[in-house]
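Colleague: I'd like to learn how to read a structure like this one. Can we go through it feature by feature?

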Amino acid sequence: MNVGTATLCLAALAVCCVACRRDMGHQAYHRPLDKSSFFPDGMSARRLPAHTVARGQLQEDELFYTGHIDGKAVDLFPMPVTREMIERGQQRFDIYCAVCHGRTGQGNGMVVRRGFPAPPSYDLDRLRAAPAGHFVEVITNGYGLMYSYASRVEPADRWAIAAYIRVLQISRTAALKDAPPDERAKLQQEVAP
Amino acid sequence: MPQLFQRYTNTLAPASIVAVFIALSAAVWGMHAIIFSPYATEVGQPVSQVVPFSHQHHVSGLGIDCRYCHTGVETSAFAGLPATETCMTCHSQIWRDAPMLEPVRQSWATGQPLHWNRVHNLPDYVYFDHSIHIQKGVGCISCHGHVDRMPLMAKSETLYMRWCLDCHKAPEVHLRPANEVFVMKETVPDEKRGAALLRAEEIDKTHLQDCSVCHR
């Protein structure tokens, strides 16, 4: 082999190396959910060690975080109930709850129609009488077959959903005369065939 | 001494120039074809997973909202993949004996998270953030395609820089009102609506193509 061919081969190899190395594409840090060979459990994300509280996660306000005062569920909202809050509650309810409880809270959501045990209707007298704090508690800790939604529904949103459940309950027995006059005509039109 | 160049070389010379030109164009075209081929881009190629999770089934069949599972998408850069607990909210009761779901139950029992193979993966030198796109009204379908028709997840876009820039040049055709962001319906290009949304969301197009937006 003469010097010319050797140089040519080396040059070709160099081009290959430059073209194939993706160091900048795979940098030495972890993106969310990446595997890790450093920790024995193979996860790059770390769990909170026992008996520690993350910054900003200290849940001192009992009413806000649990719906309880002195260990008892109460019918008291820790914030003013506004139209925006209820609309937010409706949106969150439709995302996280309607699959089982149904959009109207009757307990006939899509997953129930596929065989999930039916939850009770919010229309039951027991749940009508239940304090708002009870709904917040159910979302936070789960209830019977229902899992906790605490990891997916923010504390403030839990209250928004509780407010919306009240709306669903009230709407079951509301009469036409309860609607504001300008809404009545619209409602009547929707009912008319 | 015989003639070094035969007569035919007179035609060979110009022909070779044309041939080199054709060969070069073919090489460029070939490279382009390879770079944009499904083989290189992985567009439309389903990625296999330990559990054959079907978006078609869960999204269009059951009508579950994206956010039920991809909780972080509105507020953080990372959309998030569902924890085992999320699957178990339903599969603790339905299909609880299905062999297909054995890895899910095992993960739930041992606390070892499920490992999902990544379908979309940008190089680490690119900064991408879901929350800004969702907040400003870019629908999931604009970037991920018809997820509701995918029995197994596949990329529907190349994720090449050119693709990002094509939209950053003229985002208005892809914008939709906030309540339609999660809806699996194609955006109908509507100039008037796009311009109005661009104004309402206060999107400033002039800097969207700066290198530092995506390479920080």
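This is a predicted model: local features need pLDDT of at least 70, side-chain atom pairs count only at pLDDT 80 or more; totals for chains, interfaces and linings use all residues.

Colleague: How many helices and strands does chain A have?

Modeller: Helices (H or I, at least four residues) and strands (E, at least two) are DSSP runs, numbered from the N terminus. Chain A has nine helices and two strands, in the order α-α-β-β-α-α-α-α-α-α-α.

Colleague: At what angle do H3(A) and H8(A) cross?

Modeller: Axes are lines fitted to C-alpha atoms, for helices over the stretch in contact, and angles run from 0 to 180 degrees between N-to-C directions. Here H3 (residues 83-96) and H8 (residues 155-173) of chain A cross at roughly 90°, their axes coming within 7 Å. So H3(A) is roughly perpendicular to H8(A), the word for 65 to 115 degrees. Residues making this contact include Met85(A) and Phe93(A) of H3(A), and Trp159(A) and Leu168(A) of H8(A).

Colleague: What about burial: which residues of H5(B) are buried?

Modeller: Buried means under 20% relative accessible area, exposed over 50%, partly exposed in between (1.4 Å probe, protein chains only). In H5(B) (residues 84-91), seven of eight residues are buried: Thr84(B), Thr86(B), Cys87(B), Met88(B), Thr89(B), Cys90(B) and His91(B). Their cover includes H6 of chain B and helix H5 (110-113) of chain A. Gln106(B) sits in that H6 (residues 102-110) and, at 47% relative accessibility, counts as partly exposed. Its C-alpha is 9.6 Å from that of Thr84(B), 22 residues apart along the chain.

Colleague: And how is the size of an interface given?

Modeller: Often as the accessible area lost when the parts come together; it is computed with a 1.4 Å probe and summed over both parts. Chains B and A bury about 2,700 Å² between them, 56% of it on carbon and sulfur atoms. The contact takes 29 residues from chain B and 30 from chain A.

Colleague: How many salt bridges are there between chain B and chain A?

Modeller: A salt bridge needs a side-chain nitrogen of Lys or Arg within 4 Å of a carboxyl oxygen of Asp or Glu. The count between these chains is two. One salt bridge joins the side chains of Arg31(A) and Asp124(B), at 3.4 Å, N to O.

Conventions. Residues are numbered from 1 along each chain as its sequence is written. Chains are lettered from A and ligands numbered from 1 in the order in which they are written. Side-chain values use heavy atoms; hydrogens and water are left out. Angles under 35 degrees count as roughly parallel, over 145 as roughly antiparallel, 65 to 115 as roughly perpendicular and the rest as oblique. Contact means heavy atoms within 4.5 Å. Buried area is the accessible area (1.4 Å probe) that two parts lose on being put together, summed over both.
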